[in-house]
Amino acid sequence: MSLSLSPPPDLLKIVITGASGLLGRYLMCHLGQRHKVVGLDRNLADFGHPGRWICMDLIDDARLKKVMAKENPDVVIHTVAKVDVDGCEKSPREAFCINRDLTRKLVRLMPLRSKIVFLSTDQVFDGRKPFARETDPIHPINVYGKSKLAGEGVIRKSGKPYLIVRTNFFGWSAGRKKTFGEWLVQSLRQKKPIRLFKDFYFTPLYAGEVAERVGRLLKKRAEGTFHLAGRDRVSKYEFGQILAKTGRLPFSPTIGGKLRENRSLAPRPKDLSLTPSKAEALLGQRMPFLAQSLKAFLRDEHRWGKKSPLFGKRLFAIPYARQTISPSDIRYVKKVLKSDFLTQGPEIERFEKEFANYVGSKYSVACSSATAGLHMSAMALGVGPGDLWWTSSNTFCATADAAQRCSAEVNFIDIEWGTYNMDLGLLEDRLKQAARKNRLPKVVAPVHFAGNPVDMEFLDKLRRRYGFKVVEDSAHATGATFRGEKIGSCRWSDLCVFSFHAVKIITTGEGGMVTTNSAKLYEKLLRLRTHGISRDPRHRSASHQPPWYYEKLELGNHYRMTDIQAGLGRSQLSRIENFLRRRREITKIYDSALKSTGLELPKTTRSANSSWHLYVVCVPETWGTRARDQILGKLRNTGINANLHYTPVQAMNYYRNQAPRRYFSCPLAEQYGERAISLPIFPGLKKGEQSQVIKELKKCSRPFQI
Ligand SMILES: Cc1ncc(COP(=O)(O)O)c(C=O)c1O
């Protein structure tokens, strides 16, 4: 065992990678009480523990280098690893990439003088001999063990002061992937019959105890390899028994199993027990018995586990959008789950009626997504080879894909600046030209981008003059109005398609709705949603056919929504006005806070009321070509998951490669794709979170404002 002279052990600057992972959090909490800790994690997850957090991905070399130079840590504790043993076996390349190569990069980019602490595993041993010591021969038998051993090798060869800790721990996950300990507690509480191996041994330690021992090893300036393990060598079955006894939980339904019954992919060493005597000798402290560790684990449930108020806190600090699910939504969905129908039941029709009522259309057809709704709409209108389908360049690909699926030809109209909707003046020019060439579109599909309606009255005039059909893509616009009419009323269109994807105004998880005032289109949509099948007696080929007979009339799809989704949709629809009010409030705050930043704020259509699905700001052209990417990148690095909606569809590989097609030029949509940023907006966005977005956005924009 060697002891180094530096760094000074009392107040260390410590950087912890994987800080919101299972052990990372315990380390942040424990070491943060004494030292200056900085947690790095792809998912910003401030669980209220001491220390600072930097939201970043370790694969970002440039940023990692900068962070290391700026923080100049005395110690770097590297907990990031691919630990899923079967997953490693399935993807060995990924396992080595994370467990070895990432470690190598970290070591290269951290300051020369800093010490590296590497969290390794008992799986570096082959498990033939109990109580492995640090000096014992090492023969990993699975990819996980091999890749971690390779990581250890990188550390040893780095020439840096290092500490390698081999351990096997359990703890609370705070709402991320459920750990073995959590699963076991839950299963025992629920009296679930579970199988635990009787012939697989280990010496587990509670994660809090590992964190505490790592702190002590740092204090002692320990260097080299150490085993941190509990005093008891137990099988998984015995672990369960002791946990049940300690927590006074029922153990009886648990069944003992054998490792050879394990159908997992990776070979597992049979005995992973470690001897921690080297660490015990240095620290002058025995390791705890398992019952003590489990007692601490159970005691900490309120602080770390499901009972903690911080459990399941959002991992990405501020997403750009998020669903709002209330207890009443859950209650309603439960009710549907207990009912006779999970699909093709009464909830669908109820939801359709209520939705049609809400938007003011005669009919509505629920479907599995807006993508499905757009495809069905194109089919219902008879769009086929040789037909033209025009849409906005600034949209999600599904608006254009609908026509592709029908083998029609798609083209894109450029946008007007400010609303970023299809430029209807330009559309008129294109229609005039097309009329001269006798190549008018069969369908124009406007998109109410961000929830802000297109001028439907003007579009309707063009529709009458040029005879095309209108399919509104209203994926963003549930609840929006134009001239006092709800989008979806189809007063100025043939069909209108909504999305209920999780981030939309209301959600059914996935889902969509098509509205129309045409009985013919309605019937056609109903059929297209269900395989092109009809039970209508009028459609039978012979009158004597029995009542259970149905006819297939055309090639349809399975685009149905389930009753479970429809139940959620109904419950959400009953709260839509609250959602819209909150979105409008958020918009007002952005409008007033950002007006002096120089950023271009969104404009709305005259006589329209947007549903504000998105709030998009554009970086001024004068700020330079890289300004948007830098601002967007910085926001994301601080945990604000701002986004881009959209890169012009025709610029994407699939559409670009549709040679020899020539699309209309869309210079504004292209510019927009390089200058736009969608800021977080959703009903659950807290005032403090929005202030943080504004503060960070102002901070990131400042260098460009001069
Ligand atoms: C404008 C637009 N159209 C269509 C869709 C497709 O919606 P869905 O995910 O419900 O298929 C989306 C989805 O984001 C969209 O934004």
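In which crossing, right-handed or left-handed, does H4 pass H5? The crossing of H4 past H5 is right-handed.

## Overall picture

The model is predicted. Its chain holds 24 helices and 28 strands. Along the principal axes, the C-alpha trace spans about 90 × 75 × 45 Å.

Of the 706 residues in the chain, 48% are buried. Among contacts with a separation of 6 or more, 75% are between residues 24 or more positions apart.

## Helices H4 and H5

Two packed helices are described by the angle between their axes and the distance between the axes. For helix H4 (residues 92-109) and helix H5 (residues 143-157), the axes come within 9 Å and cross at roughly 15 degrees. An angle under 35 degrees counts as roughly parallel, and H4 and H5 are therefore roughly parallel to each other.

On the H4 side, the residues that meet H5 are Pro92, Ala95, Phe96, Asn99, Arg100, Thr103, Arg104 and Val107. On the H5 side they are Val143, Tyr144, Ser147, Lys148, Ala150, Gly151, Val154 and Ile155. The residues of this contact between H4 and H5 divide into 9 nonpolar, 4 polar and 3 charged.

## Helix H1

Helix H1 (residues 22-32) is largely enclosed by the rest of the structure, because 9 of its 11 residues are buried. The buried residues of H1 are Leu22, Leu23, Gly24, Arg25, Tyr26, Leu27, Met28, His30 and Leu31.

These buried residues of H1 pack against several strands and a helix. The strands are S2 (13-17), S3 (36-41), S5 (75-78), S6 (115-121) and S8 (169-170), and the helix is H7 (207-219).

## The shell around the ligand

There are 14 residues around the ligand, and Ser369, Ala370, Thr371, Ala475 and Ser499 come nearest. Helix H14 (370-380) and helix H15 (398-405) are the elements that give two or more residues to this shell. By residue class, the shell around the ligand divides into 5 nonpolar, 8 polar and 1 charged.

H14 is itself largely enclosed by the rest of the structure, because 11 of its 11 residues are buried. The buried residues of H14 include Ala370 and Thr371, two residues that are also among those nearest the ligand. Further along H14, Leu374, His375 and Ser377 are among the buried residues. Glycine 382 follows H14 and has a positive phi, near 75 degrees.

H14 and helix H18 (residues 519-529) pack with their axes 9 Å apart, at an angle of about 125 degrees. That angle makes H14 oblique to H18. H14 passes H18 in a right-handed crossing. From H14, Met376, Met379 and Ala380 make the contact, and from H18 the residues are Leu521, Lys524, Leu525, Leu528 and Arg529. The residues of the contact of H14 with H18 divide into 6 nonpolar, no polar and 2 charged.

## Backbone features in loops

Most residues other than glycine have a negative phi, and most peptide bonds are trans. Serine 407 is not a glycine, yet has a positive phi of about 60 degrees. Serine 407 lies in the loop between H15 and strand S17 (409-413). With 11 other C-beta atoms within 10 Å, serine 407 is exposed.

Histidine 531 also has a positive phi of about 60 degrees although it is not a glycine. The loop between H18 and strand S24 (533-534) holds histidine 531. Histidine 531 is partly exposed, with 17 other C-beta atoms within 10 Å. Elsewhere, histidine 645 and tyrosine 646 are joined by a cis peptide bond, with omega about 5 degrees. Tyrosine 646 is in the loop between helix H21 (627-637) and helix H22 (653-656).

## Isoleucine 194

Isoleucine 194 is in the loop between helix H6 (180-189) and strand S9 (195-197). Isoleucine 194 is partly exposed, with 17 other C-beta atoms within 10 Å.

Leaving aside neighbours within four places in sequence, isoleucine 194 is in contact with Ser187 and Thr254. From C-alpha to C-alpha, isoleucine 194 and tyrosine 237 are 10.0 Å apart in space, and they are 43 residues apart in sequence.

Technical notes:
Residues are numbered from 1 along each chain as its sequence is written. This is a predicted model: local features need pLDDT of at least 70, side-chain atom pairs count only at pLDDT 80 or more; totals for chains, interfaces and linings use all residues. A residue is near a molecule or strand if its C-beta atom, placed from the backbone, lies within 6 Å of it. Helices (H or I, at least four residues) and strands (E, at least two) are DSSP runs, numbered from the N terminus. Ala, Val, Leu, Ile, Met, Phe, Trp, Tyr, Cys and Pro count as nonpolar, Asp, Glu, Lys and Arg as charged, and the others, Gly among them, as polar. Axes are lines fitted to C-alpha atoms, for helices over the stretch in contact, and angles run from 0 to 180 degrees between N-to-C directions. Angles under 35 degrees count as roughly parallel, over 145 as roughly antiparallel, 65 to 115 as roughly perpendicular and the rest as oblique. A crossing is left-handed if the near helix is turned anticlockwise from the far one by less than a right angle, and right-handed if clockwise. Two residues are in contact if their C-beta atoms, placed from the backbone, lie within 7 Å. A residue is buried if 20 or more other C-beta atoms lie within 10 Å of its own, exposed if 12 or fewer, and partly exposed in between; C-beta atoms are placed from the backbone.
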